[in-house]
Amino acid sequence: MLRERVRKAITSQPQPVVTVLSSLLAVEDEMGYIPPEAVEEVAEHTQSTVNDVWAVASFYTNFRFTSPMERVVEVCWGPTCHLMGAQEVMRCAQELLGMQGEGDTSDGKVTLKYNTCLGACSQAPVVMADHKLVGRCTPERLAALLRAERTGYHAPGAHS
Amino acid sequence: MTQAPPQPATITLDGKVIPFKAGQTVIQAAIDAGLYVPYLCYWPGMKPYGACRMCVVEVEGQRGTPASCTLPCAPGMKVNTKTPSLEGLRKGILELLLSEHPHGCLTCHRIELCGPTDICLRHAAVTDRCVVCPKNERCELKDTVRFAGVNLESPLAYHYRNLQIETRDPFYDRDYNLCIVCARCTRVCDELRGDDAISMVERAGKVLVGTSRGTSLLESGCEFCGACIDVCPVGALVERKPKWAKAEKKVTSVCNLCPVGCQVKLEVDRLGRVIRTVGDWDSPANHGQLCFQGKFGTDFVNHRDRLTKPLVRKHGALVESTWEEALGIVAERLGGYKGGGYALLASPRSSNEDLHVAKKFAREVMGSGNVDLALDTRPELVAPLVKSLGQAAATGTFWDLERAGCVLVVNSNITEEHNVAAVPLKRGHRQNGVKLLILDPREVELTRYADVWLRPRPGSEGVVLAGMLRAVLEAGLEDKAFLVEMAEGLDQLRASLARYTPEHVAQASGITPEQIAKAAQLFAASKPGAILYALDNIPADQREAVASVLVDLALVTGNVGKPSSGLYPLRPGGNVQGAQDLGFAPLAGGVGAAGLVEAIQAGQVKALQVLGDSALYADEVLHALTNLEFLVVHDLFLSGVAQQADVVLPMAAFTEADGTTTSLERRVQRMREATGPKGASHPAWAALTDLARRMGAKDFTYADASAVFSEAATGAPLYNGLSHQALDGNGGVQWPMTPSGGTGNLYQNGFPAGKARLLPVEVTAAPPWNNAAFPLLYTPGRVLAQPHRDVAVLRGKGLNQVQREEQVELYPEDAAAAGIGEGDRVELVALGTRMLGRAALSGRMRGVVSVTMLFGQLATVLQASEAHDPMLRVPPLDVLPARVQKVAQ
């Protein structure tokens with residue numbers, strides 16, 4: 001059940017100080033988004049109110065409130081990755097997915113996000129695909145990732 | 001080495017030397033000194049926020065332009081508010097603010113030229129015109145714009161947010177297109193009310209006031225106290241009803257809808273209507289706070305159905321008449337019922353003046369001891385206070401509870417019935433760590449804040465308290481020094497507690513010995529401790545016994561006579577304390593409200609006089625009235641009771657007459673005449689005085705209400721030294737009056753009888769509930785928010801409506817016995833109520849079924865009510881016999 005998953009994520013935070021923000025992050029990590037129920041559960045757990053939790057959640061643009069697509073691809077946009085060719089990688093991703101900026105594909109399969117820094121500058125340019133880091137990413141590697149036979153996914157506009 | 005001479009606690013502001021108090025910020029010192037520094041986000045009593053940057057100043061010898069609301073005063077500081085660079089800065093900041101606020105109204109060059117009948121032709125766009133803003137002429141932003149000297153050139157472009165105006169919540173209209181994001185509303189809700197029903201949502205350029213996921217206020221936990229409206233500097237938040245009305249004058253008075261005694265500013269428009277009530281921020285009784293009742297429930301005084309002329313019965317029908325004729329009839333008829341055949345019932349909201357003259361009239365003119373308050377005002381709650389301590393009143397001051405160690409609340413729905421008394425509890429709990437210990441079988445708003453919530457079987461509350469008291473003594477947690485010096489009867493008390501063993505208590509109440517021990521430990525160890533008790537749902541004949549245990553508990557833990565401690569009986573009725581103090585009660589052998597119906601039916605009482613609020617009389621009283629020979633009613637409206645009267649006399653509302661009222665914390669305060677009496681109505685005391693004189697009484701000559709009060713004060717020892725003049729100050733006086741003013745805490749210097757008396761405990765639990773037709777006890781609850789429950793709000797054209805299926809909480813075995821499974825659709829039938837819902841087998845108490853409703857549901861009902869006085873009809877949360885049965889899906 002959704003609530004139970006959320007509750008488990010909130011209650012199993014390892015750090016000693018649990019805050020509204022840390023709880024929201026725990027939920028985002030577990031679920032990939034903040035469902036409405038999570039706002040209520042976090043409020044309950046942190047002895048706050050739903051309005052206060054929402055104030056925190058709505059402040060951070062990195063939280064999403066609808067469930068993510070099947071696959072989430074984040075392209076690092078930090079200075080190092082930028083210098084090492086992230087723009088090319090991003091352009092390739094957008095071309096393959098048929099979109100202009102970031103967001104969800106119209107077929108509901110892939111979420112593409114800019115990421116400000118994934119913290120792996122030594123491997124720039126970096127992409128995170130479904131929570132897995134892909135270092136020294138090239139447009140070709142990304143294309144391969146997106147088209148991977150193992151998912152059988154064919155992005156709109158992809159030439160295969 | 002010589003020490004530098006100590007600097008005096010003064011600062012220099014724009015060349016003026018002004019004093020400051022320790023811890024004050026520059027803006028606070030300036031306001032105290034009567035100097036104006038513009039500000040928009042600052043509000044006295046709230047933490048400095050420093051958001052609007054209007055109050056920027058320069059300090060000589062320091063760099064930068066700090067905000068004076070966050071700048072602490074330092075001795076000798078030289079502060080300037082009016083340098084050219086500051087003025088430029090302020091103007092620039094203001095222009096940024098105005099870039100998102102429609103401001104045709106603020107910067108129009110005709111701002112001082114327009115007459116009241118001018119129509120605006122091309123000076124400002126239609127939607128920008130000053131007259132389309134509900135805060136026109138009372139906008140703080142306008143004052144700031146004018147002070148800052150922004151150019152009056154019509155109008156600059158601005159970015160309109162184009163948001164839908166929220167008009168579907170009860171009582172409020174919210175237009176966030178006008179919001180300047182000062183956060184006063186969210187801060188007042190959080191810091192001063194402890195509710196957090198609104199927050200700042202989103203970020204940076206998009207940040208605005210909102211609720212979780214944009215829900216309506218009905219679900220967000222709003223108690224509709226109106227505090228956010230009162231602090232809003234612009235037209236974003238306004239009361240819906242008097243939205244466009246402008247105040248001609250403001251009169252300081254007291255709300256008498258409940259006995260907390262909130263001082264208010266009544267705003268009166270040019271037509272003489274009371275348009276708005278605003279909490280008085282300087283009042284020690286309520287510190288600016290009001291509740292849904294006081295804020296939105298006083299417009300009945302303007303109602304078109306108000307009686308304006310006396311009515312007398314002619315040929316079976318009530319017809320309009322004159323005072324002369326009406327009083328003549330009353331004088332003549334009443335003359336025939338002198339003695340025990342006459343009775344007088346007064347509303348517990350009546351002023352002290354009305355009560356005094358009514359009592360005097362009944363006793364001296366009519367020779368009858370049959371006077372009483374019309375509603376059950378629970379005198380049993382104060383009876384043990386008299387026996388044990390000496391005075392029939394709360395021992396301390398509500399607002400001091402913000403600094404208590406622990407507050408025990410017993411069977412009280414404070415948020416709905418004594419709302420503002422809950423504010424210091426909630427604030428204290430959130431800000432000062434006040435421990436809240438709640439004993440109540442119902443889920444009420446305060447249980448959300450409770451550190452410990454004991455939820456006993458209904459009817460066993462007294463036994464739980466006795467168990468707690470025993471646990472305190474067993475664990476040696478009593479205040480030994482206090483008991484030796486200040487109290488007597490400990491041995492008898494100990495003996496009487498012997499039978500309340502943890503096992504006995506657990507068996508009777510369902511509260512485990514561990515919970516009892518924990519509660520006892522919490523209350524005894526967190527000092528000072530206070531006890532608030534309304535004893536809802538405890539039968540009248542048990543209330544005194546339960547209240548006695550509470551008095552003992554307070555004494556044993558040494559919590560009487562100290563600041564932030566004590567006992568607070570939460571009685572109903574706006575001036576119930578005044579009636580108590582003035583001895584407005586039946587004489588020995590007299591007929592009171594309780595026995596009136598029988599006395600009328602038995603023909604013992606033949607003539608009845610009714611003062612106010614007769615619309616609230618129970619149906620059985622209404623039926624009994626037909627047996628009367630003569631009935632005279634003083635009231636605001638033609639209620640069912642008034643329709644049966646022989647003579648109806650129009651009465652002035654509490655906003656229309658000078659008088660005094662006494663709050664539960666013994667605060668005698670002045671209610672002031674804000675508007676003239678409606679039509680030919682008169683205050684009850686004036687009508688009774690006239691009547692008494694017509695009946696030949698000599699001693700009824702009062703120049704005004706103040707003369708009445710002076711006479712009342714002479715006859716009531718507790719009001720010694722009080723007069724209208726003495727009460728004229730802010731917040732009145734808490735009796736008894738001493739040379740240094742009122743008394744916040746009774747018994748600080750000991751008890752009148754030397755020592756307090758511990759009262760032996762004699763509580764019994766209600767016998768197990770056993771009724772074939774209604775086998776269960778239904779405990780209703782009402783809370784502000786239920787984050788766990790799905791709520792759908794029907795966004796209709798008119799009011800939003802809460803739409804949801806109630807959750808009927810059943811004890812698993814009770815459910816099984818009725819063939820009900822988790823999630824089944826069930827019907828709950830209790831006396832006078834019937835509802836459908838889904839069964840949840842989460843109940844913890846055998847034989848008890850609970851439903852917790854949402855305050856928002858009640859709020860929409862109150863908003864839509866057609867009754868003249870909806871706020872006096874907030875349904876109490878009564879425990880009722882009930883049955884639950886499964887119904888088709």
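Read from one end of the sequence to the other, chain A runs α-α-α-α-β-α-α-β-β-β-β-α, which comes to 7 helices and 5 strands. Helices here are DSSP runs of H or I with at least four residues, strands are E runs of at least two, and both are numbered from the N terminus. This is a predicted model, where local features need pLDDT of at least 70 and side-chain atom pairs count only at pLDDT 80 or more, while totals for chains, interfaces and linings use all residues. Residues are numbered from 1 along each chain as its sequence is written, chains are lettered from A and ligands numbered from 1 in the order in which they are written, and side-chain values use heavy atoms, with hydrogens and water left out.

As for overall dimensions, the C-alpha trace of chain A spans about 50 × 35 × 25 Å along its principal axes. Of its 160 residues, 46% count as buried (under 20% relative accessible area with a 1.4 Å probe, protein chains only; exposed is over 50%, partly exposed in between). Taking contacts (heavy atoms within 4.5 Å) between residues at least 6 apart in sequence, 61% join residues at least 24 apart.

Confidence is given as pLDDT, the predictor's score for each residue from 0 to 100. Chain A averages 86, with 92% of the residues scoring at least 70. Its helix α2 (residues 20-31) comes out highest, at 94, and helix α7 (residues 139-147) lowest, at a mean of 84. Residues 155-160 of chain A stay under 50, and the model has 14 contacts for them beyond four places in sequence.

Over in chain B, the mean pLDDT is 92, and 98% of the residues reach 70 or more.

Helix α13 of chain B (residues 419-432) gets a closer look. Its 14 residues should span 20 Å at 1.5 Å a residue, and the end C-alpha atoms are 20 Å apart, which agrees; the expected span is 1.5 Å times one less than the number of residues. Because 11 of those 14 residues are buried, α13(B) is largely enclosed by the rest of the structure. Among the buried ones are B:V420, B:V423, B:L425, B:K426 and B:R427. Their cover includes β16 (406-410), α12 (414-417) and β17 (435-439) of chain B, along with α5 (184-192), α8 (292-296) and β20 (529-533). Just after α13(B), B:G433 adopts a positive phi of about 70°.
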